[in-house]
Amino acid sequence: MNTVQTNSKKVSTFRYALGMLGLQIPSQAFTVYLTFYYVETLNLAVGLAAIGRTIFSIWDAVDNVLFGYLSDNTRTKWGRRRPWLMLALPFYLLFFVLVYTVPDAFSSGNRLFWYFTVIIFLYETFATILWGNYGALFPELFHGKRKRARASGLKQIFTIIGTVIGIVLTPMVYKAIGFTWMAIVFGVVGCSILFYSVLGSHENLALAKSPKLPFLKAFQETLQNKSFWLYSLAYTFIQLVFGLLLAGLPFYAKYALKLDDAKTTLLTASVFAIAVPSVFVWMKLIHKWGASKTWLVGIVVMGISIIPLAFANDLYSGIIAGMILGLGYCSVLVAGEVVTSEIIDRDAKKTGARREGIYLSVYGFIIRISGVFQGGAFALIGILFGYKNGDNPGANPGLAFKFLIVGLPLMALSIAFIIGMFYKKSMDTIDDEHDDPTSYKEVS
């Protein structure tokens with residue numbers, strides 16, 4: 001097991017990466033089944049669901065920056081990130097359960113819309129704190145291309161496992177014990193795993209003594225980083241693709257492939273069964289090509305891997321298409337985190353302060369635009385194909401959801417690749433093997 005040392009305490013790469021499993025289990029159950037639950041099960045109009053997501057996305061853009069800055073400037077004997085993670089965990093668990101526990105008084109009409117909007121506002125606020133601070137630990141704990149590729153690869157494997165649990169098991173669990181108990185089980189398991197991971201992710205307390213930058217100065221330095229802007233804009237469209245694939249998959253399986261819940265599970269499993277071994281391929285390519293080139297190649301591979309979904313029409317062709325999708329699913333994920341860390345390292349050399357929190361929060365601020373785009377995508381299929389909800393799916397819902405998870409993602413990935421080329425040019429040559437002066441000494 002690979003470890004890094006901060007002061008006198010060891011941090012296990014495996015234990016840190018395990019935290020991603022804890023985040024993913026409830027997060028994927030939320031991401032994939034939120035719209036399905038409120039629109040298909042409770043019959044909230046898809047247009048109202050899109051409005052609710054848009055309202056929240058405005059606040060989400062603000063809270064990313066706010067909490068990122070506060071995290072960077074937190075000074076405690078436990079570090080900068082861990083206090084935020086520990087404080088947010090119980091609230092995150094509470095509001096995740098409430099997402100899938102709609103009181104009878106709010107189960108229909110305008111009250112359902114307002115409940116939907118408020119509860120995702122609360123849930124996502126604490127999710128922002130968890131994701132932002134957990135992610136900010138990565139560049140601090142791991143340095144150099146090889147170490148970061150290994151740590152990122154482990155995180156993506158746990159991402160896939162958590163995604164499989166969140167997507168594949170969710171329909172089985174809620175059919176057996178109901179949505180509320182599903183949320184309780186997934187929330188408790190996920191938060192317990194993350195708690196264990198955070199306890200073992202000891203920060204380098206010396207970094208907490210680095211100079212503080214005033215908010216406007218920190219924000220200005222971040223926004224003036226051209227490479228960061230280009231990368232973030234490109235990833236906005238990539239994030240849109242992941243959002244459409246995950247949120248659209250249950251609809252695609254139901255309407256385009258005519259599958260029941262059990263067969264939908266097989267379809268989903270086919271994607272991630274191939275995605276896990278592909279992680280090791282992308283880890284090796286990062287070492288061979290560097291993170292930026294691997295990331296750009298990954299965008300192309302992901303686009304190609306989506307196309308077969310357009311031609312599937314039953315379980316078997318769907319599984320084949322899903323396996324092909326699995327080859328490209330992790331392509332940009334493994335390299336992307338290494339690219340982000342390199343950008344943060346460059347900034348630290350320029351400013352003398354490590355600002356993982358503000359960078360990742362502004363990054364989150366920018367890519368949250370994808371949430372608006374995702375809401376707009378669902379609204380668009382309502383306009384183009386007449387889909388409204390489970391009771392009124394329109395004349396051709398199968399074609400509608402093929403367009404949602406194939407047509408729109410291909411457009412988004414094309415834009416991401418073009419922006420990514422400008423990013424690659426702006427970075428020139430990056431010395432991936434150079435470690436930051438504050439790097440931790442590796443121990444065996």
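Select Glu 40 and Lys 254: they form a salt bridge, with the closest N and O atoms 2.8 Å apart. A salt bridge here is a side-chain nitrogen of Lys or Arg within 4 Å of a carboxyl oxygen of Asp or Glu. Glu 40 lies in helix H1 (residues 13-41) and Lys 254 in helix H8 (residues 226-256), so the pair ties together parts that are 214 residues apart in sequence. Helices are DSSP runs (H or I, at least four residues), numbered from the N terminus.

This is a predicted model, in which local features need pLDDT of at least 70 and side-chain atom pairs count only at pLDDT 80 or more, while totals for chains, interfaces and linings use all residues. Residues are numbered from 1 along each chain as its sequence is written, and side-chain values use heavy atoms, leaving out hydrogens and water.

Now colour by accessibility. Glu 40 is buried, at 12% relative accessible area, whereas Lys 254 is partly exposed, at 34%. Buried means under 20% relative accessible area, exposed over 50%, and partly exposed in between (1.4 Å probe, protein chains only).

Next, select Lys 155 and Glu 337. This salt bridge has its closest N and O atoms 2.5 Å apart. Lys 155 is in helix H5 (residues 145-177) and Glu 337 in helix H12 (residues 331-351), 182 residues apart. Lys 155 is buried, with a relative accessible area of 2%, and Glu 337 is buried at 16%. The whole structure has two salt bridges.

Last, go to helix H6 (residues 179-200) and select Val 185. Val 185 is partly exposed, with a relative accessible area of 36%.

Conventions. Helices (H or I, at least four residues) and strands (E, at least two) are DSSP runs, numbered from the N terminus.
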